[in-house]
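Here are my notes on the model you sent over. I went through the helix packing and then the pockets, so keep the viewer open as you read.

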Amino acid sequence: MVQSRLLDIAISEFGAKGLEGASTRGIAAAAGTAMSSITYHYGGKEGLYLAAADRIAERMSAVMGDPSELSHELAADDASEARAQIHRIFGRLADKMASNESADWTLFVLREQMKPSEAFERIYGGVMGQMVRQLGDLVCIVTGHRNVRTARIATITLLGQVVALRSSRATCLKLLERDTLEPSDILDIKARIDANIDAILDSMRAEEQGQA
């Protein structure tokens, strides 16, 4: 389908070159269609850019799934199950960040992270926003923190170690002296992420209990 191919190529081009640097003429040619297709379907370059962001949001949802699928109903004081849910979500995310499934749209998202536009609002409005907000709520339950801001700051640091598998892929490979991440590497990294998660959550819980 022409529209699907246009969007996939647009994501790659916009990610590599940005909105200003990417050429709609080049995108159309790579998709094997005329420039008029972009004008007809998206109104122009900016419309194509926003449609590419919508496509990324859809693909993130397909890759990560609905966060609620990894969650189960739990009481507001069920710290054990909340912790298990945090591990499930980060385990799923680590698998996706370590794979090549997200490679083509990562640069697009990273550009929007550094200089957000309406496109970022569309991406964040999907599964990304749902996931990070849910994680913040779960951190509150595990640690006993009533301060949502404190829990969300912790969520930022927890996310960083997982997102690095994609955003800092070259550094990861250099450190591990690899050309690609092997299954054993991913297992070891996930085990360390799990240990880090528990250490941070336990530290926050101890702080909260010490102030009680």
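1. How are helix 1 and helix 6 oriented to each other: roughly parallel, roughly perpendicular or oblique? Bear in mind that this is a predicted model. The two helices pack at an angle of about 45°, with their axes 8 Å apart. Helix 1 and helix 6 are therefore oblique to each other, and helix 1 passes helix 6 in a left-handed crossing.

2. Now for the side of each helix that does the touching. Helix 1 brings Ile11, Ser12, Phe14, Gly15, Ala16, Lys17 and Gly18 to this contact, and helix 6 answers with Asp104, Trp105, Leu107, Phe108 and Arg111. Sorted by class, the contact of helix 1 with helix 6 has six nonpolar, three polar and three charged residues.

3. A word on the overall layout, in case you want to get your bearings.

4. Look for Gln3, Leu6 and Leu7 on the helix 1 side, meeting Ser37, Ile38, His41 and Tyr42 of helix 3. The class count for the contact of helix 1 with helix 3 is four nonpolar, three polar and no charged residues.

5. Next, have a look at helix 5 (residues 79–98) and helix 8 (residues 148–167), whose axes come within 7 Å and cross at roughly 25°. Helix 5 and helix 8 are therefore roughly parallel to each other, and helix 5 passes helix 8 in a right-handed crossing.

6. What meets what between these two? On helix 5 you will find Phe90, Leu93, Ala94, Met97 and Ala98, and they meet Leu158, Leu159, Val162, Val163, Leu165 and Arg166 of helix 8. The residues of this contact divide into 10 nonpolar, no polar and one charged.

7. The largest pocket has a volume of about 580 Å³. It is lined by 24 residues, and Gln113, Met128, Val132, Leu159 and Val163 lie nearest its centre. The elements that give two or more residues to this lining are helix 4 (45–64), helix 5, helix 6 (103–114), helix 7 (118–143) and helix 8.

8. Which helix gives the largest share of the lining of the largest pocket? Helix 8 does, with seven residues. By class, the lining of the largest pocket has 16 nonpolar, four polar and four charged residues.

9. The second largest pocket has a volume of about 260 Å³. Lining it are Gly18, Leu19, Glu20, Glu46, Tyr49, Leu50, Arg111, Glu112, Lys115, Pro116, Ser117 and Ala119. Helix 1 (2–21), helix 4 and helix 6 are the elements that give two or more residues to this lining. The residues of the lining divide into five nonpolar, two polar and five charged.

10. One last link back to where we began. Gly18 and Arg111 both line the second largest pocket, and both also belong to the contact of helix 1 with helix 6.

Methods:
Residues numbered from 1 in each chain as written. Predicted model: local features only at pLDDT ≥ 70, side-chain atom pairs only at ≥ 80, totals over all residues. Heavy atoms only, no water. Axes fitted to C-alpha atoms, helices over the stretch in contact; angles between N-to-C directions. Helix = DSSP H or I, 4+ residues; strand = E, 2+ residues; numbered from the N terminus. Parallel < 35°, antiparallel > 145°, perpendicular 65-115°, else oblique. Left-handed = near helix turned anticlockwise from the far one by under 90°. Contact = heavy atoms within 4.5 Å. Nonpolar A, V, L, I, M, F, W, Y, C, P; charged D, E, K, R; others polar. 1 Å grid on protein atoms, 1.4 Å probe; cavity = no way out; pocket = protein on both sides within 12 Å on 5 of 7 lines; lining within 4 Å. Points joined across faces, edges and corners; volume = space filled by probe spheres on them.
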